[in-house]
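This report goes through the structure shown below, from a single residue to the whole chain.

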Amino acid sequence: MTHPFATSDPHSRKGTTDIERFMNFLVLVLSVALIVWISFDTFRRVNVLENHTYMTFQFWVCIVFILDFFIELQFAPDKWRYFRHRIVFLLLSIPYLNIINLLDIQLSHDALYFVRFIPLARGALALSIVIGYVSSNAVASMFMSYLSIMLMLGYFCSLIFYQREAGVNPQVNSYWTALWWSAMNLVTVGCNISPVTVAGKIVAVVLPITGIIIFPLFTVYLTDYVTRKVKGHDDSITTSSSASDKHSPTP
């Protein structure tokens, strides 16, 4: 993954690296804060759309996300390439809920409920990138990133399903039921709980599609892992044989 900051001056390079680290840390903290806040509100059955404090907090989080995008764009060695590769981050950082309220745009409650998860998607992408940095291997890094996206999407969909279905669908009597439903649909197994709301039906389509797209990556990762292990084993045998031949007495 190309480093977004690159300069020829080592002092300037250090400064931009510090800026990047600070912005990455801030984005991660705010992303986790958003996830925790929206989770607690969902468990307590609080409507965050009517929560002025949450709406204000989400607005400023989006502003920080937008600033992060343009700060990294400013120091990117190839600005056009960075813009093309990260435009999704910018689109997900826009405070759509606040704009909708400001312009008094009338949307259905289900549509508004999905809109509030857009900043969480931005946070999930940030978390997945950081998790991907854990491994130096490209395939393993991609695998970790996609795995984190899959798990977070499953979690977000379980929150949506619980919020919209609990009290309406008699089969959904607790959050753990919603989480189990989300997991079963994500692995494309399915379960005997049928959604009755529009939001529930939407996530019932999104989860299996996500599973179908991401699960083949497990095969790619396992193939790469086995290949590297076999190659490493063969190289060690070759090295041992060469060393043995070198130290064997010449007849």
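## Ser-31 in helix α1

Ser-31 is found in helix α1, which covers residues 10-43. The model is a predicted one. With a relative accessible area of 1%, Ser-31 counts as buried, because the cut-off for that class is under 20%.

Which residues touch Ser-31 once its neighbours within four places in sequence are left aside? The contacts are with Phe-65 and Gly-123.

## The salt bridge and Arg-86

How many salt bridges does a search of the whole structure find? The search returns 1 salt bridge. Side chains of Glu-72 and Arg-86 meet in a salt bridge, at 3.9 Å from N to O. Glu-72 belongs to helix α2 (residues 52-75) and Arg-86 to helix α3 (residues 79-93), so the pair ties together parts of the chain that are 14 residues apart in sequence.

Are Glu-72 and Arg-86 buried or exposed? Both residues are buried.

## Aromatic pairs

A pair of aromatic rings is described by two quantities, the distance of the centres and the angle of the planes. The count for this model comes to 11 aromatic pairs. One of them is formed by Phe-69 and Phe-70, with 5.3 Å centre to centre and 90° between the planes, an edge-to-face arrangement. The two residues fall into separate accessibility classes: Phe-69 is buried, at 1% relative accessibility, whereas Phe-70 is partly exposed, at 44%.

A further pair is that of Tyr-162 and Tyr-175, whose ring centres are 5.9 Å apart and whose planes stand at 85°, so this pair is edge-to-face. It links distant parts of the chain, with Tyr-162 in helix α7 (residues 138-165) and Tyr-175 in helix α8 (residues 175-186), 13 residues apart. Tyr-162 and Tyr-175 are both buried.

Phe-69 and Phe-70 also belong to one aromatic cluster, together with Trp-80, Tyr-82 and Phe-83.

## A nonpolar surface patch

Which residues form a nonpolar patch on the surface? The patch consists of Ile-99, Leu-102, Leu-103, Ile-105 and Leu-107, and together these residues have about 490 Å² of accessible area.

Ile-99 lies in helix α4, residues 96-103. Its relative accessible area is 36%, so Ile-99 is classed as partly exposed. This value also meets the patch criterion, because members need over 30% relative accessible area.

## The chain as a whole

The protein has 10 helices and 0 strands. Read from the N terminus, the order of elements is α-α-α-α-α-α-α-α-α-α. Of the 251 residues, 39% are buried.

Contacts between residues at least 6 apart in sequence were sorted by separation, and 67% of them join residues at least 24 apart. The accessible surface of the protein amounts to about 14,300 Å², with 68% of it belonging to carbon and sulfur atoms.

Note on methods. Residues are numbered from 1 along each chain as its sequence is written. This is a predicted model: local features need pLDDT of at least 70, side-chain atom pairs count only at pLDDT 80 or more; totals for chains, interfaces and linings use all residues. Side-chain values use heavy atoms; hydrogens and water are left out. Helices (H or I, at least four residues) and strands (E, at least two) are DSSP runs, numbered from the N terminus. Buried means under 20% relative accessible area, exposed over 50%, partly exposed in between (1.4 Å probe, protein chains only). Contact means heavy atoms within 4.5 Å. Accessible areas come from the Shrake-Rupley method with a 1.4 Å probe; for residues, only the protein chains shown count as cover. Patches are made of residues with over 30% relative accessible area and no salt bridge: like charges are joined within 9 Å, nonpolar side chains (Val, Leu, Ile, Met, Phe, Trp, Tyr) within 5 Å. A salt bridge is a side-chain nitrogen of Lys or Arg within 4 Å of a carboxyl oxygen of Asp or Glu. Rings of Phe, Tyr and Trp (its six-membered ring) pair if their centres lie within 6.5 Å; planes under 30 degrees apart count as stacked, over 60 as edge-to-face and the rest as tilted.
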